[in-house]
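Hello,

Here is the structure I said I would pass on.

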Amino acid sequence: MKHPDLNLLLHFEALMSCRSLTRAAEQLGVSQPAMSAALNRLRRLFNDPLLVREGGWQPTEQANELHRRFRPLLEEWRRATRELDAFDPAHSSRSLSLYATDYVQFTLLPRLLPDLARDAPHFQLRIVPARPQHGLSMLDTNHVELIAGYFPEPSPDLRTRFLYDEPAVCVVREGHPCLRKRWNLDAYLKYGHLDLAAHTRFFSNAVDRVLLGQNRSRHIVATLSSYLVCPFVIAQSDLIATMPESIARTMSTATKTVTLKVPLGLPNIAVSLYWHERYQDDAGHAWLRQYIADRISM
């Protein structure tokens, strides 16, 4: 290939970011056969398969090295050519995806979506539910453009913006036998527990670390991926859950549950926005990040 097409760099970046021919084609607005042809040209150019199937598409060692070398050039090109003042929320039909647990959706979306429908009526926000084994890697592979949640150790190529925090509380059913005795750590550990957020367990791990420091531990009966279903399970059992205060108090009347202070020194649950560096200077993305932060602070 005597004079390689520089557009192949954009195809290479999309393939490395998305790890999917279909999603890479969608990102660049080309057909899947065209993206497949670009991958074949890239393979011939570098004499390397670049992406190989190992469960999903995985980059080769050479592909990772090329991506590391090309990324600064591509980011600089985007910054130089991006039309920063072109985004108009009132008329934009931009679509962006937000990954969040049902807890974060519960606290965030009622404050966000009514105003968004008014101020950006053609803007489409796609909510992607949290799933086991997924997390911030969804940003690396460009499956989603934004994540809202609790991730205490994001990678260096991700940007973050704090949104809010709140304490955790314990939840038990009305008439639970623990309510007839002194509520303390012994009472907390006497009964089985429901754990939450099976997809990451970041906050649950914090609970267990504090207990381990006291040579104590919980007996976890089940781990749930849904925060919203938790109070309904608690209402029908003698189990205990440690969960965000906002959900626990909102659900307490409907589920006939009682909230108690956690008998441990736990940090608050801190929820932030996370996005990849590639979207830092994207005008529509930046507008949505600010819009979300404004709704939370109101």
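The notes below cover the sheet, the helices on it and a surface patch.

Please keep in mind that this is a predicted model.

Sheet. Five strands make up an open sheet with mixed pairing, and their order is β4-β3-β5-β12-β6. At the edges are β4 (124-129) and β6 (158-166), each of which pairs on one side only. On average, neighbouring strands of this sheet are turned by 20° against each other, direction ignored. Strand β3 (residues 95-100) and β4 run parallel and are joined by six bridges. Within this pair, S95 stands opposite Q124 in β4.

Helices on the sheet. Helix α5 (residues 102-119) packs on the sheet and touches β3, β4, β5 (146-149), β6 and β12 (269-276). The direction of α5 makes about 175° with that of β4. Helix α11 (residues 283-297) also packs on the sheet, with contacts to β3, β4, β5, β6 and β12. For α11, the angle is given against β6: the two directions make about 15°.

Surface patch. L10, L28, V30 and W77 make a nonpolar surface patch of about 330 Å². W77 is located in helix α4 (residues 61-81). Is W77 buried or exposed? W77 has a relative accessible area of 53%, and exposed means over 50%, so W77 counts as exposed.

Regards

Note on methods:
Residues numbered from 1 in each chain as written. Predicted model: local features only at pLDDT ≥ 70, side-chain atom pairs only at ≥ 80, totals over all residues. Heavy atoms only, no water. Pairing = 2+ DSSP bridges. Helix = DSSP H or I, 4+ residues; strand = E, 2+ residues; numbered from the N terminus. Axes fitted to C-alpha atoms, helices over the stretch in contact; angles between N-to-C directions. Contact = heavy atoms within 4.5 Å. Patch = residues over 30% accessible without salt bridge, like charges linked within 9 Å, V, L, I, M, F, W, Y side chains within 5 Å. Areas by Shrake-Rupley, 256 points an atom, 1.4 Å probe, with all protein chains shown as cover. Salt bridge = Lys/Arg side-chain N within 4 Å of Asp/Glu carboxyl O. Buried < 20%, exposed > 50% of the residue type's maximum accessible area, 1.4 Å probe, protein only.
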